[in-house]
Amino acid sequence: MSKRCVIGDIHGEVTQLILCLDKCKFDFYNDTLISLGDVVDRGVSSYECIELLLKCKNFIGVRGNHDDCWFQYLKTGEQDVLWNQGGKETYFSYYNNDVSPEVHFKFFADQVPFVIDEDNSTIYNCAFLISSPSSVFLSKHGCFLSVNASNVIVSNCNLIPALIPASSK
């Protein structure tokens with residue numbers, strides 16, 4: 001029986017990605033993998049992470065803010081504020097593999113702003129949601145939001161509840 005796996009904030013850490021996929025016994029041919037975004041930046045293996053994700057037969061990529069910054073760089077060559085927060089590491093992951101970053105242009109172009117799956121759950125990258133106080137707080141802290149009938153919040157970071165202002169709960 002196939003399953004859906006949701007993963008977020010890979011941030012160029014291919015070893016952690018492999019460990020995560022192994023832990024959930026991910027089947028590259030039958031299971032569906034939904035990435036909540038931020039595949040690149042910070043870690044030294046962004047290129048390798050994308051190569052691994054491209055091996056998934058059923059892959060859905062939601063665009064994260066770090067992915068968006070890298071995609072803008074691919075389109076324009078301009079570096080933004082996140083360049084010093086992982087953009088250089090992403091660039092060097094391609095350089096060290098003797099590959100042009102443009103090889104993954106389609107990967108980033110195909111990322112979507114949200115996913116509505118067969119259970120009618122909607123999965124967003126919170127960095128692009130700014131309609132409520134809680135989503136503003138979550139977006140400022142690099143988290144992701146999954147909204148369904150029971151309003152489940154799925155975070156991609158170690159969010160300490162004590163740090164969330166009462167007005168954002």
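Predicted model: local features only at pLDDT ≥ 70, side-chain atom pairs only at ≥ 80, totals over all residues.
## Ground rules

Local features here need pLDDT of at least 70 and side-chain atom pairs count only at pLDDT 80 or more, while totals for chains, interfaces and linings use all residues. Residues are numbered from 1 along each chain as its sequence is written, and side-chain values use heavy atoms, leaving out hydrogens and water.

## Cysteines

You will find zero disulfides here, a disulfide being a pair of cysteine sulfur atoms within 2.5 Å. For C5, the closest cysteine sulfur belongs to C24 and is 3.6 Å away, which is too far for a bond.

C5 is buried at a relative accessible area of 9% (buried is under 20%, exposed over 50%, partly exposed in between, with a 1.4 Å probe and protein chains only). C49 is buried too, at 0%.

## S45 and its loop

S45 sits in the loop that links β2 (32–35) to α2 (46–53); helices (H or I, at least four residues) and strands (E, at least two) are DSSP runs, numbered from the N terminus. With 13% relative accessibility, S45 is buried.

Leaving aside residues up to four places away in sequence, S45 touches G12, V14 and S93, where contact means heavy atoms within 4.5 Å.

## Where α2 meets α4

The axes of α2 and helix α4 (residues 87–95) come within 7 Å and cross at roughly 70 degrees. Axes are lines fitted to C-alpha atoms, for helices over the stretch in contact, with angles from 0 to 180 degrees between N-to-C directions. The two helices, α2 and α4, are therefore roughly perpendicular (65 to 115 degrees; under 35 is roughly parallel, over 145 roughly antiparallel, the rest oblique).

On the α2 side, S46, Y47, E48 and I50 make the contact, meeting T90, S93 and Y94 of α4.
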